[in-house]
Amino acid sequence: MEFNVKKLASDAGVFFSRAMQFTEEKLGQAEKTELDAHFENLLARADCTKNWTEKILRQTEVLLQPNPSARVEEFLYEKLDRKVPSRVTNGELLAQYMTEAANDFGPGTPYGKTLIKVGETQRRLGAAEREFIRSASISFLTPLRNFLEGDWRTISKERRILQNRRLDLDACKARLKKAKAAEAKAAAVPDFQETRPRNYVLSASASALWNDEVEKAEHELRLTQTEFDRQAEVTRLLLEGISSTHVNHLRCLHEFVESQTNYYAQCYQFMLDLQKQLGSSKGEIFSGTFVGNAESASPSAAASPPVAAATLPAVPTIPVVPTIVGVPNTVAEGVLNPNEVKPPASGTRRARVLYDYEAADSTELALLADEMITVYSLPGMDPDWLIGERGNQKGKVPVTYLELLS
């Protein structure tokens, strides 16, 4: 118990001494040991690394999980050292809704079939997003967190110790300075009018006392200087390790970019495949829709569909047949044979093909990416389709696969 009290008193004395030294430095009443320029540069570089790492980490978390409530939930699970529950992505949730809607509308209907196709693509996009988030968290976020919660905490701890060592060193310097000043004053001629031997004895005793105080202060200064130099070297080594941290974070950044590139490439490929599926089935789907509508609307129209179809191109707006964006008007084009049509005298344009396209039937023209073709439109054609010519080959082509040139 006595030892603990003494230790407590000693710690309180050290704390008071450091507080006094720090206050006097702030007030400009005490000298401060300055670190060398290289050490100060290392400190500034470390602080800069810590600040920007925190900002990059927070913004990457926002990128991967835009929902703030979900981020707070993940943070709490992480702090409680519990596994974060699996969360359905927005794409997967949309896929679920589309599939359920298709089942209600009828999976055999054109709309139901399309909903199923789009829903499957959304499910694949959601799965790709989940994999990207997992990969980015492991390869990028985790190293940044490890630096802030591991290496940086160690650096901060050693810097605080170095600050305390510096305050102790400066306090010892101040005590030594005061002791030397008092010793010099005691060694001077005593301020006594008498010259009796008693006064000389008192003066000699005071001088010896301050001499002992000076020796004690010098000994404490040597110890604190050694401790300060040792701590400064430890802190310097940790700060120089920031360069290795930058190299590690650079490697992690490359992995993050690679994961993001793969994710967007997958998304692009999924959507391109979906676009091809919808483009190849547009005629079939809408044709089935028209036939069903025509049969329910007029028995005579069902008996003679060619006549009804032949009269539709002359009408600018077709009230009977619904128009779906991106779906060709197969009623108007059912009797259209691209090989028999003649290009208009004016209105033809050159176009560059953006993607490969496989012709769904003999009325369409297969395309190869980056090739140049001549295109034009005919009266009554769906605005999403054009007639394309390549040499002696001719057929319908989707506008979305083309870049029209002036």
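1. A helix here is a DSSP run of H or I with at least four residues and a strand is a run of E with at least two, both numbered from the N terminus. Counted this way, the protein chain has ten helices and five strands. Please keep in mind that this is a predicted model, where local features need pLDDT of at least 70, side-chain atom pairs count only at pLDDT 80 or more, and totals for chains, interfaces and linings use all residues. Residues are numbered from 1 along each chain as its sequence is written, and side-chain values use heavy atoms, with hydrogens and water left out.

2. Of the 406 residues in the protein chain, 32% are buried (under 20% relative accessible area, with exposed over 50% and partly exposed in between; 1.4 Å probe, protein chains only). Among contacts (heavy atoms within 4.5 Å) with a separation of 6 or more, 72% join residues 24 or more positions apart.

3. Now to the inside. A nonpolar core is a set of buried Ala, Val, Leu, Ile, Met, Phe, Trp, Tyr and Cys residues joined through side-chain atoms within 4.5 Å. The largest one has 34 residues, and Phe132, Phe140 and Leu239 touch the most other members. Two or more residues of this core come from each of α2, α5, α6 (197-240) and α7, with α5 giving the most, 16 residues. Apart from it lies another core of 16 residues, including Ala351, Val353, Tyr376 and Leu378.

4. Leaving out residues up to four places away in sequence, Phe140 touches Ile56, Thr60, Cys252, Leu253 and Phe256. Phe140 and Cys252 are 112 residues apart in sequence, yet 5.2 Å apart in space, C-alpha to C-alpha.

5. Beyond its neighbours within four places in sequence, Leu239 is in contact with Phe39, Leu42, Leu43, Ala46 and Ile155.

6. Finally, the largest pocket. On a 1 Å grid over the protein atoms alone, a pocket is an open set of points where a 1.4 Å probe fits, with protein on both sides within 12 Å along at least five of seven lines; lining residues have an atom within 4 Å of a point. The largest pocket is lined by 40 residues, with Gln65, Glu74, Ile133, Ser137 and Leu141 nearest its centre. Helices α2 (37-64), α3 (68-79), α5 (110-187) and α7 (242-297) each supply at least two lining residues, and α5 gives the most, 13 residues.
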